[in-house]
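I opened the model to look up the ligand site first, then the strands and helices around it. My entries follow in the order in which I checked things.

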Amino acid sequence: MSTDAPKVVVVGGGIIGVSCAYYLSCAGASVVLLERERIAAGASWGNAGTIAVGHPPLNRPGRIRQALGQMLDSTSPLYVPPRIDPGLWLWLGRFAKYCTDEHVEHAMSVMAPLGHLARETFDEILAEERIECDYRGDGYHEVCATESGMDTARHEAAIIEGHGYEPEVIDRDEVARREPALGPSAGAVFYPESASLNPGLFVPRLGEAASRRGAAIREGVTVEGIETTGGRVTGVRHRTAGTLATEGADHVVLATGAYGRGLMRGLGGPLPVQPGKGYHRDIDIGPNGAPRLRGSCVLAESSVFCTPMDTFVRFAGTMEFSGENDRMRPERLRQLTTAARERFPKMGTARPISEWCGLRPMSVDGLPIVGAVGAVSGLSVATGHGMLGITLGPATGRLIADEITGERAAPPELSPTRFD
Ligand SMILES: Cc1cc2nc3c(=O)[nH]c(=O)nc-3n(C[C@H](O)[C@H](O)[C@H](O)COP(=O)(O)OP(=O)(O)OC[C@H]3O[C@@H](n4cnc5c(N)ncnc54)[C@H](O)[C@@H]3O)c2cc1C
């Protein structure tokens with residue numbers, strides 16, 4: 001490694017931090033990744049594993065009406081438990097302002113090319129590193145139970161089609177032919193460019209690939225602050241049993257997902273990100289368990305993702321704004337299997353082999369926040385990927401590596417300075 005290679009400290013070992021460490025190491029940087037628990041300890045472990053390219057953000061017209069109807073019901077897809085949290089209510093108010101057609105158009109002009117980069121980077125990593133992770137590159141179906149669900153799905157498909165993707169609207173007979181395990185439906189949209197994988201396999205193995213490329217991965221190290229001198233980063237303050245020097249760092253990349261928002265205080269932040277809790281239930285495939293699915297699907301009305309992974313199906317979804325905690329609410333977990341049983345008539349009652357919750361880093365405008373922080377030289381952030389962190393992880397790693405090595409700046413639409 002050349003002595004003038006940039007020295008970079010990456011904070012956070014989820015899909016985003018690991019992807020940054022991977023691409024920075026590939027580009028010749030000297031990288032240390034610090035993770036307070038273990039690689040993929042956060043949202044990146046138990047999510048639905050769908051690589052859903054080219055989709056619009058959560059902020060859409062009609063979202064607020066829908067949210068107001070659901071948010072106090074703990075068994076609905078979206079839940080905001082009543083509590084005093086001025087930061088959250090301020091964030092929800094700002095989020096609402098981005099729920100317009102104009103913002104969807106703006107977001108799509110950014111997300112559509114990012115989706116192509118996402119596929120390119122996944123293809124590159126899977127070919128180079130030969131990571132075994134139940135990867136299936138054969139798209140997914142968004143299945144609708146109702147005509148109004150179908151209207152919404154068709155509308156979204158038309159937006160996505162207008163940005164260079166090829167969604168296919170199919171009728172109820174074709175749905176039954178393609179996925180016999182499903183009960184009667186109103187139709188579906190097939191997204192052929194999408195894919196799926198088991199994130200609990202992919203993310204740690206990408207971490208191992210980053211190590212092979214030269215990154216030093218340190219688990220069990222909690223970063224407590226960013227060190228700066230004269231408006232430049234110089235390293236991080238951390239809590240660890242052993243010795244670990246980060247002084248002399250040229251760059252620090254904060255990739256702490258929905259956590260560590262306080263780290264940016266006084267350095268151009270905190271960023272407008274809220275934790276959006278989601279859950280999974282994994283159920284073994286079998287006569288009394290989950291159906292043997294031919295491919296991944298999402299149940300449109302309940303927003304439950306059904307992803308086949310080796311010997312089980314992962315049912316994942318729901319959105320809960322209840323702050324930074326990992327408390328699991330039984331009624332939210334039940335909602336996943338209730339929704340699945342409504343759509344898969346032969347699904348049994350076998351107990352889940354895994355139940356989990358994780359916090360999505362939800363940005364206020366639905367777009368990731370990626371790039372250099374204006375206020376402090378050498379400090380970058382990579383967070384706010386919301387429901388699309390697995391999809392956009394490797395692409396984000398490439399953007400950060402390109403920016404830090406001077407190849408090209410990250411897209412200005414993703415810059416943290418857009419909130420200044
Ligand atoms: C139920 C559910 C389903 C989902 N399904 C999909 C899907 O199908 N497709 C998709 O693309 N996305 C999906 N997502 C979203 C995706 O999981 C997230 O966007 C993504 O994992 C965020 O990655 P991250 O690296 O930013 O955060 P995380 O994975 O949370 O990683 C952040 C890491 O930083 C560490 N950390 C925090 N603070 C510190 C500190 N001070 N010092 C050191 N380390 C620290 C944490 O321990 C953690 O490991 C889903 C999410 C959920 C919850």
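I count a polar contact as a pair of N or O atoms within 3.5 Å; within protein, one must be able to donate a hydrogen and the other to accept it, and residues adjacent in sequence count only if both atoms are side-chain atoms. I note that the model is predicted, with local features needing pLDDT of at least 70, side-chain atom pairs counting only at pLDDT 80 or more, and totals for chains, interfaces and linings using all residues. Residues are numbered from 1 along each chain as its sequence is written, and side-chain values use heavy atoms, with hydrogens and water left out.

Entry: I looked up the backbone partners of the ligand. A polar backbone atom of Arg36 is 3.1 Å from a nitrogen atom of the ligand. For Ala43, a polar backbone atom is 3.1 Å from a ligand oxygen atom. I also found a nitrogen atom of the ligand 2.9 Å from a backbone N or O atom of Val223. The protein buries 98% of the 1,000 Å² that the ligand exposes when taken alone (Shrake-Rupley method, 1.4 Å probe; for residues, only the protein chains shown count as cover).

Entry: the shell. I listed 38 residues around the ligand, and Glu35, Ser44, Thr50, Gly386 and Thr391 come nearest (near: a heavy atom within 4 Å). Elements giving two or more residues to this shell include helix 1 (15-26), strand 2 (30-35), helix 2 (43-46) and helix 10 (389-404). Helices (H or I, at least four residues) and strands (E, at least two) are DSSP runs, numbered from the N terminus. Strand 17 supplies the largest share, four residues.

Entry: I traced six strands in the order 9-2-1-12-19-18, with mixed pairing (two strands pair if DSSP finds at least two bridges between them). Strand 9 (216-219) and strand 18 (369-372) are the edges, each pairing on one side only. Within the sheet, strand 12 (residues 251-254) runs parallel to strand 19 (residues 379-383) over three bridges. I looked up Leu254 and found its bridge partner in strand 19 to be Val381.

Entry: the hairpin. Strand 10 pairs with strand 11 (residues 232-239) in the antiparallel sense over seven bridges. The partner of Glu227 in strand 11 is Gly235. Two residues lie between the strands of this hairpin, and Gly230 in the turn has a positive phi of about 55 degrees.

Entry: Ile159. I placed Ile159 in helix 6 (residues 147-161). Apart from neighbours within four places in sequence, Ile159 is in contact with Val104 and Met108 (contact: heavy atoms within 4.5 Å). Ile159 and Ala395 are 236 residues apart in sequence and 22 Å apart in space, C-alpha to C-alpha.
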